[in-house]
Amino acid sequence: MRIDGETRVVGVFGDPIKHSASPAMHNAAFEKLRLNWRYLPFHVLPDKLEAALHGVRDMGLVGVNLTVPHKIFALALVDEVDPVARQLGAVNTVHVVDGRLVGHNTDGYGLVKALREAFGLRLKGKRVTIIGAGGAGRAVTVQCAMEGVAELCLFNRTTSKAEELARELHNDFGSVQVTVGLPASRCDLLINATSVGLRAGDPSPIARTVLAKHTFVLDMIYRPVDTKLLRDAKRAGCRVTDGLGMLLHQGARAFEIWTGRKAPVEVMRSALRRAVHTR
Ligand code: ATR
């Protein structure tokens, strides 16, 4: 591997960052396309995000990804926010264009691609239950509304946060029917956007009785591979997928924003699987 005066640098800011699988995915893609680029993880604390983003611009990096806990704060720190990131209320990809920091959000794109790939599912007209109303829950909920789902059922440990999100949806997407609480009727798709399941031994974020056979289940968690929710769902006869597809496709889209080249998705998928499964 050569690093020289022409090497272009991108990376990811997060706290914590040690376990990020993104460097493996992006560096494999650069290697495949023979680009003299490198993707590095940076441990950036929340109160240093502003200075670190100035560093991205001033040191001539091409851009960065942002992960927990930076995605929401970054909205106010970039020079320009693209309309999708504005609507989702979070920035996960920053691109430096003519010395300006432009904020994008590729998580929603990742969700749409992952659902199509795993289940052949399009969101338009569907009934969707989303568990979690934090940053990730908010982004997937708004993406579902943008895709024209028929009904959204929002469930969160802290009900007031789900209610607040429901009010926002009501204002911005009047045609979507939104309810708060556990799904009363059948839904086509259930998404876990909480952090419940990240630790081995975690319970499922919802009761097993809510899972019906015809419901597709996406758990945004990708490590551990088999969460209690996914095990329960499989047992109930549901088709399931973990968060790896979303992670892959949000990364592929970020790669395309930075490089202007088509992302080698299969190379990125293999690198990601290796990185996730060997830890
Ligand atoms: P992220 O950016 O990953 O979404 P977040 O904004 O901190 O992180 O949101 C975490 C989500 O996981 C929230 O929906 C949170 O529920 P609360 O709003 O009630 O805090 C949910 N969550 C975290 N721990 C949980 C637990 N033990 N049981 C149920 N929900 C939990």
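Predicted model: local features only at pLDDT ≥ 70, side-chain atom pairs only at ≥ 80, totals over all residues.
The ligand sits in the largest pocket. Its surroundings are formed by G132, A133, G134, G135, A136, N156, R157, T158, K161, T194, S195 and V196. By residue class, this shell divides into three nonpolar, seven polar and two charged residues. In the side chain of N156, an N or O atom is 2.7 Å from an oxygen atom of the ligand. A polar backbone atom of A133 lies 3.1 Å from a ligand oxygen atom. For S195, a backbone N or O atom is found 3.4 Å from an oxygen atom of the ligand. On its own, the ligand has 650 Å² of accessible area, and the protein covers 64% of this.

Two cis peptide bonds are described here. One runs from V68 to P69, with omega near 5 degrees. P69 is placed in the loop between β3 (63–66) and β4 (80–81). Another cis bond runs from R223 to P224, and its omega is also near 5 degrees. P224 belongs to the loop between β11 (216–219) and α7 (228–235).

Positive phi angles form the next topic. R34 is not a glycine, yet its phi is positive, at about 50 degrees. The residue is located in the loop that joins α1 (22–32) and β2 (37–43). R34 counts as exposed because its relative accessibility is 78%, and the cut-off for this class is over 50%. D98 likewise has a positive phi of about 50 degrees without being a glycine. D98 occupies the loop between β5 (93–97) and β6 (100–104). With a relative accessible area of 75%, D98 is exposed.

L218 is part of strand β11. Is L218 buried or exposed? Its relative accessibility is 0%, so L218 counts as buried; the class requires a value under 20%. L218 and R239 are separated by 21 residues in sequence. In space, their C-alpha atoms are 8.7 Å apart.

L53 is buried, because its relative accessibility is 1%. Between L53 and A74 there are 21 residues of sequence separation. The C-alpha to C-alpha distance for L53 and A74 is 8.8 Å.

Q177 belongs to strand β9, which covers residues 177–180. Q177 and A275 are 98 residues apart in sequence. Their C-alpha atoms lie 40 Å from each other.

How values were computed. Residues numbered from 1 in each chain as written. Heavy atoms only, no water. Near = heavy atom within 4 Å. Polar contact = N/O pair within 3.5 Å; in protein donor to acceptor, adjacent residues only side chain to side chain. Areas by Shrake-Rupley, 256 points an atom, 1.4 Å probe, with all protein chains shown as cover. 1 Å grid on protein atoms, 1.4 Å probe; cavity = no way out; pocket = protein on both sides within 12 Å on 5 of 7 lines; lining within 4 Å. Sits in = over half its atoms within 2 Å of the grid points. Nonpolar A, V, L, I, M, F, W, Y, C, P; charged D, E, K, R; others polar. Buried < 20%, exposed > 50% of the residue type's maximum accessible area, 1.4 Å probe, protein only. Helix = DSSP H or I, 4+ residues; strand = E, 2+ residues; numbered from the N terminus.
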